[in-house]
Amino acid sequence: MPDTSAAKAIEVAEESNEPKVGRKDKLEELCVNTIRFLAVDAVEKAKSGHPGTPMGMADMAYVLWTEFLRHDPQNPHWTNRDRFVLSAGHASMLLYSLLHLTGYPDMTLDELKNFRQWGSRTAGHPEYGHAPGIEVTTGPLGQGFANGVGMGLAAKMMAARFNSVGDRFQPVDHYIYAICSDGDLMEGISSEAASLAGHLGLGNLIYFYDDNNISIEGETRLAYSERVKRRFEAVGWHVQKIDGHDRDEIRKAIKKAQKVDDQPSLIIARTVIGWGSPKYHGTARAHGEPLGADEVKATKEALHWPAEPTFLVPDEARAEFERKTKKLTKAHGKWEEGFAEWRTRNAELAKEWDRYWNHSLPEGYEAQLLEAAKSDKAIATRALSGQVIQKLASIAPFVAGGSADLAPSTNTLIKDGGSIERPADDRSDPPKMDVFKGRNLHFGIREHAMGAMINGMTLYGSWRAYGATFLIFSDYMRPSVRLAALMNIPSIFVFTHDSVFLGEDGPTHQPIEHNWALRLIPNMTFFRPADGAEVAMAWAWAVGKAQGPTVFALTRQKLDPIPRGESFNPQDVWRGAYVLDGYKDGDITFIATGSEVPLAIKTADLLRNEGISARVVSAPCLNLFDEQDDSYRKEVLGDPSRIVAIEAGRSDGWFKYVSRDALVIGIDRFGASAPYEQIAEHLGFTPEKVAEKVRAWQGKM
């Protein structure tokens, strides 16, 4: 059966192009149209952008931002604020208009006039860090949807720790609101995230679905005919359907959603894209390009709006937004009063609260992690990472994470850390609040959503969160990893089984190009550690030093320990590359990462017996090495023509560090299914095979 909800109201609206005032006065309508025309004028001035969605969503946005969203423009990072995520990032002018009208100081009218221009705060899609009130970078559809789920999970975990039963004050009681579009729901990441949100019963999520039946190519019937209500009900969401232009219905729907605390809520709001445009309302033409001067004029006439000046904010509208925002900000003041009293009553819990939000680590935490990573026997770096995680969990309660159904393989389970899961005795019920005290997250086989949810947890502010899977499956979550880098936030991604030497699973599971694919992302810190010391210092960086995301590439196979002299300084790991003790002099220089560092050492020892002396450089993080000064890089590398670079992956990237006369030993083909020892033999990654290549290279010099 075709979806006919709100059909009559929409039909009337489309015929008349008159907004439905309902029981509210003309002042409210003036405010809504102010939102619409700031968006229209900004897109028109930029000659670029998406006017239609802000025009269609203005009613919902107005009600939410002026009557429900607890926020404080003067204190935008208040911890218990409601979060707002514009997953439909192409409607960025909707957010920018709201930030301006509700009084965020950095979002001036001039910024709106500079929409999509170099150096402005008003990028084509919202960018985290450009201005307070932009909670997350959105634009790649579906990402914001999943980010919001991560925020909701983060909030539930904080509430479980700090909301005391029976206490008159609850420090965590806010909501995560989001607006999503048809495109968001078409992207697979939203299905992954929605499934997990329903499974966990995240009742602090209230999402609006802008059901306008339009995408860029035309009506959504071209490629989309899902029964969205049934889809979301099937994965455990509370769903309502409303007329997105009836503000009374919007109010009622939000209030109803707030009363449902054991299910996330989706409010399906039927809207008309390009509302008010006589020619383009309800059409794809209003989606992704300016209306054009003639249609802007016609739209303003239709909605009784002055043609000039552009970017008009009527005094009455500005005063009304100010009045309503002040009313909402009172929630912040009330919360601060209650929080101060709560701190007095709960002194120890308050100290713990501060540890979470400040990410406080004990002095000398690096030494504790180094001690935890010690091993005098051959061991995989994934296992060493697991040892470090246990110590880290004991000294940093704000560290939590999980994997995409691979915890036993990635060694990322926190022992005695508790597990956030549905009860075994009644799987039909979502987890109770106490369960959210756990630190082990189970994402299921949902890598893409996992990455975006880790970003959402990180953005929430109190957590250092990690997500884990095999390195090959970073392909499934690359957009989320890239967005962590674009936002420059300290998300942590743990990727194991980092080369062809994972063995029998074969080339479908064996990374080849992945090291460089991740290193090349700006703001990324990519570690491929070779032993316990490097693993420990990589984790120390991720939780204590990182500004942007940290990626780990860890081995499945066991590696021999690296001999460490007394002069070894663990902080050299943070310089990205360094010369190993006992291998500081030589005619040639080996440089290697991860599992190839022990190989380089063994090869150097073999060649030394033949009278060829070699330096050995471990390079656990080339991103950090690139940040060192020229003199240090030259000191470490030596003559760029006398370098042998070894890494079990694509060779191309190494020519940034070595000359064309150097020897680069990599893998520029796909792997094979076999025991890893056979793979190493056939692909030339044994001391004997490497030494043979070095001799041949030496003979050509």
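Which side chain makes a polar contact with the side chain of T458? In this predicted model, the partner is S491, and the two side chains meet at 3.3 Å. To find T458, look along helix α17, which covers residues 447–460. T458 has a relative accessible area of 8%, and because buried means under 20%, T458 counts as buried. Setting aside neighbours within four places in sequence, T458 is in contact with W463, A465, I489, P490 and S491.

Now let us turn to a pair of helices. Helix α14 spans residues 365–372 and helix α20 spans residues 532–544; their axes lie 8 Å apart, at an angle of about 145°. The crossing of α14 past α20 is right-handed. On the α14 side, the contact is made by Y365, E366, L369 and L370, while α20 brings A533, A536, M537, W539, A540, V543 and G544.

You can trace the contact yourself: L599, K602, T603, L606 and L607 in α21 meet P687, E688, V690, A691, V694 and R695 in α25. The residues in this contact of α21 with α25 comprise seven nonpolar, one polar and three charged.

Terms used: Residues are numbered from 1 along each chain as its sequence is written. This is a predicted model: local features need pLDDT of at least 70, side-chain atom pairs count only at pLDDT 80 or more; totals for chains, interfaces and linings use all residues. Side-chain values use heavy atoms; hydrogens and water are left out. Contact means heavy atoms within 4.5 Å. Helices (H or I, at least four residues) and strands (E, at least two) are DSSP runs, numbered from the N terminus. Ala, Val, Leu, Ile, Met, Phe, Trp, Tyr, Cys and Pro count as nonpolar, Asp, Glu, Lys and Arg as charged, and the others, Gly among them, as polar. Buried means under 20% relative accessible area, exposed over 50%, partly exposed in between (1.4 Å probe, protein chains only). A polar contact is a pair of N or O atoms within 3.5 Å; within protein, one must be able to donate a hydrogen and the other to accept it, and residues adjacent in sequence count only if both atoms are side-chain atoms. Axes are lines fitted to C-alpha atoms, for helices over the stretch in contact, and angles run from 0 to 180 degrees between N-to-C directions. A crossing is left-handed if the near helix is turned anticlockwise from the far one by less than a right angle, and right-handed if clockwise.
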